[in-house]
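This briefing concerns the structure shown below.

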Amino acid sequence: MITVSGYRIIAAIAVMSAFSGCDIPVDGDGSTKVNGSVHIPAGKAADDARTVNGSIHIDDNAKVTSANTVNGSIRLGEHATAASAKTVNGGITLGAGSHVSESAGSVNGDLTLANGAEVAGHLANVNGKIELSAAHVGGGIKTVNGSISIMGASHVEGGILVDKPSGIMFNSEDPVIVIGPGAVVQGELRFERKVKLYVSDKATIGTVIGATPIAFSGETPPN
């Protein structure tokens, strides 16, 4: 199994390789660039949305096969779809009802899934918050230094892995993991470093390894 550390390296190399050189063509719809943001208008479709230095904004009901950038954020509007979404430095936001059929990940950036959003594969980062609100992740959640909030009727299959940091990836602050009322996390919850794990008494989770769950009632854990 590839750890988050491995994922970080592979993702960064893959993205950088995809954009290496100076002969990247610019599509007629402006969906591929070297420098600058990419915008896919509402209801439109594009094969790829790619840039090196810039954000990617995919409007409501738009569709791309993949969204990739190195330095910039990625945002999918409501009911937008993509096969994958990956960035190195930047956050990823999935609007209500949006769908990523493979994986979504960032090395340094927050990952936010709104109501009804779905990532069918894995959701991963190294640094940054991961927040789900009544969302679905089919292939598990992985991080190193990120705190995780799984709220509402969220459903995570494939468990959670908080990997052990090393070298420059180390953050001394303990990640906070919150699994709120109504949330379901299937599979193993494995923690290779110290975390604060809060689990609602109305949540359903799998086997926990490496941490002691702290039960709470109400909508949020105590401060």
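In what order do the 10 strands of the open sheet lie, and is their pairing parallel or antiparallel? In this predicted model, the order is E1-E3-E5-E8-E11-E14-E17-E20-E23-E26, and the pairing is parallel. The chain as a whole contains 26 strands and 1 helix.

**Sheet**
- Strand E1 (38-40) and strand E26 (214-216) are the edge strands; each has a single partner strand, so one side of each is left without a neighbour in the sheet.
- On average, neighbouring strands of this sheet are turned by 5° against each other, with direction ignored.
- Strand E5 (residues 74-76) runs parallel to strand E8 (residues 92-94), and 3 bridges join the two.
- Within this pair, isoleucine 74 of the chain is placed opposite isoleucine 92 in E8.

**Chain totals**
- Of the 223 residues in the protein chain, 46% are buried.
- The accessible surface of the protein chain is about 9800 Å², and carbon and sulfur atoms contribute 52% of it.
- Among contacts with a separation of 6 or more, 21% involve residues 24 or more positions apart.

**Nonpolar cores**
- The largest nonpolar core comprises 44 residues, and Leu123, Ile141, Ile160 and Ile179 have the most contacts inside it.
- Beyond its neighbours within four places in sequence, isoleucine 141 is in contact with Leu123, Ile130, Leu132, Ile148, Ile150, Val156, Gly159, Ile160 and Leu161.

How values were computed: Residues are numbered from 1 along each chain as its sequence is written. This is a predicted model: local features need pLDDT of at least 70, side-chain atom pairs count only at pLDDT 80 or more; totals for chains, interfaces and linings use all residues. Side-chain values use heavy atoms; hydrogens and water are left out. Two strands pair if DSSP finds at least two bridges between them. Helices (H or I, at least four residues) and strands (E, at least two) are DSSP runs, numbered from the N terminus. Axes are lines fitted to C-alpha atoms, for helices over the stretch in contact, and angles run from 0 to 180 degrees between N-to-C directions. Buried means under 20% relative accessible area, exposed over 50%, partly exposed in between (1.4 Å probe, protein chains only). Contact means heavy atoms within 4.5 Å. Accessible areas come from the Shrake-Rupley method with a 1.4 Å probe; for residues, only the protein chains shown count as cover. A nonpolar core is a set of buried Ala, Val, Leu, Ile, Met, Phe, Trp, Tyr and Cys residues joined through side-chain atoms within 4.5 Å.
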